[in-house]
Amino acid sequence: MQTGVLRVLRATAASWWRHKELRQTGQTGQAQRLENETVLRDLSYLKQAASLPNAHVICGEGGTFIHLGWTTVSTFAPIERFPLATLAVARGTPFIDIRPVTDVIAFANLPRVARDGSVDPDPFGPGSSVSLTTYVDMVEALGARITNDPRTPQST
């Protein structure tokens, strides 16, 4: 793992209000233990984001979400203030920026991205799911910006 990634994750964990509070009250051992647990958890999220076929980061007016199949990590902040999501995108996870989308009704009516890789044969019913690439086609047509586009072939 790159030292820059670990440095960011450690700094983020140390900046959490609860960890700061523990340090201020002299409970540095407990703060360090919780920070280490946080870093390990975030590293597992980054590994999942890199390995799961439908993993993606999405950012809108309601915040930023890292979708990892059955797990979602989120914050109300934009991606610029969510270091874990920024790291995931920097490491190649597809990023869907829906902030430019103006037709919120059309966006709300889109099917969701399949969590486990299975795709519904009829993708436009209630609760239906589509592949990440199909979803990217749909949101891009609404004006979303795509980074690390999963539709383009990756060279190895």
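A nonpolar core is a set of buried Ala, Val, Leu, Ile, Met, Phe, Trp, Tyr and Cys residues joined through side-chain atoms within 4.5 Å. Buried means under 20% relative accessible area, exposed over 50%, and partly exposed in between, with a 1.4 Å probe and protein chains only. The model toured here is predicted: local features need pLDDT of at least 70 and side-chain atom pairs count only at pLDDT 80 or more, while totals for chains, interfaces and linings use all residues. Residues are numbered from 1 along each chain as its sequence is written, and side-chain values use heavy atoms, with hydrogens and water left out.

**Whole chain**

Along the sequence the pattern reads α-α-α-β-β-β-α-β-α-β-β-α-β. Along the principal axes, the C-alpha atoms fill a box of roughly 55 × 35 × 25 Å. Of the 156 residues, 38% are buried.

**The largest core**

Select Leu-9, Val-57, Ile-66 and Leu-84, which touch the most other members of the 23-residue largest nonpolar core. Two or more residues of this core come from each of α1 (3-15), α3 (28-51), β1 (56-60), β2 (63-68) and α4 (83-90). Another core, of 12 residues, lies apart from it and includes Ile-58, Val-101, Leu-132 and Val-136.

Next, centre on Leu-84. Beyond its neighbours within four places in sequence, Leu-84 is in contact (heavy atoms within 4.5 Å) with Leu-9, Asp-42, Tyr-45, Leu-46, Ile-66 and Val-73. Within α4, the residues Leu-84, Ala-85, Leu-87, Ala-88 and Val-89 are buried. After α4 comes Gly-92, with a positive phi near 110°.

**Two pockets**

Now display the pockets. On a 1 Å grid over the protein atoms alone, a cavity is a set of points where a 1.4 Å probe fits but cannot get out, and a pocket is an open set with protein on both sides within 12 Å along at least five of seven lines; lining residues have an atom within 4 Å of a point. The largest pocket holds about 230 Å³ of space, a volume being the space filled by probe spheres set on the points, which are joined across faces, edges and corners. Of its 13 lining residues, His-56, His-67, Arg-112, Val-113 and Arg-115 lie nearest the centre. The elements β1 and β5 (112-113) each give two or more residues to that lining.

For the second largest pocket, of about 180 Å³, select Thr-12, Trp-16, Arg-41, Asp-42, Val-73, Ser-74, Thr-75, Arg-81, Phe-82, Pro-83 and Leu-84. Elements giving two or more of these lining residues are α3, β3 (71-75) and α4, and β3 supplies the largest share, three residues.

**Two single residues**

Select Thr-38 in helix α3. Is Thr-38 buried or exposed? Thr-38 counts as buried because its relative accessibility is 5%. The Thr-38 side chain reaches the backbone oxygen of Leu-34 at 2.9 Å. Leaving aside neighbours within four places in sequence, Thr-38 is in contact with Ala-13, Trp-16 and His-19.

Finish at Asn-148, in the segment after β7 (145-147). Most residues other than glycine have a negative phi. Asn-148, although not a glycine, has a positive phi of about 55°. With a relative accessible area of 30%, Asn-148 is partly exposed.

How values were computed. Helix = DSSP H or I, 4+ residues; strand = E, 2+ residues; numbered from the N terminus. Polar contact = N/O pair within 3.5 Å; in protein donor to acceptor, adjacent residues only side chain to side chain.
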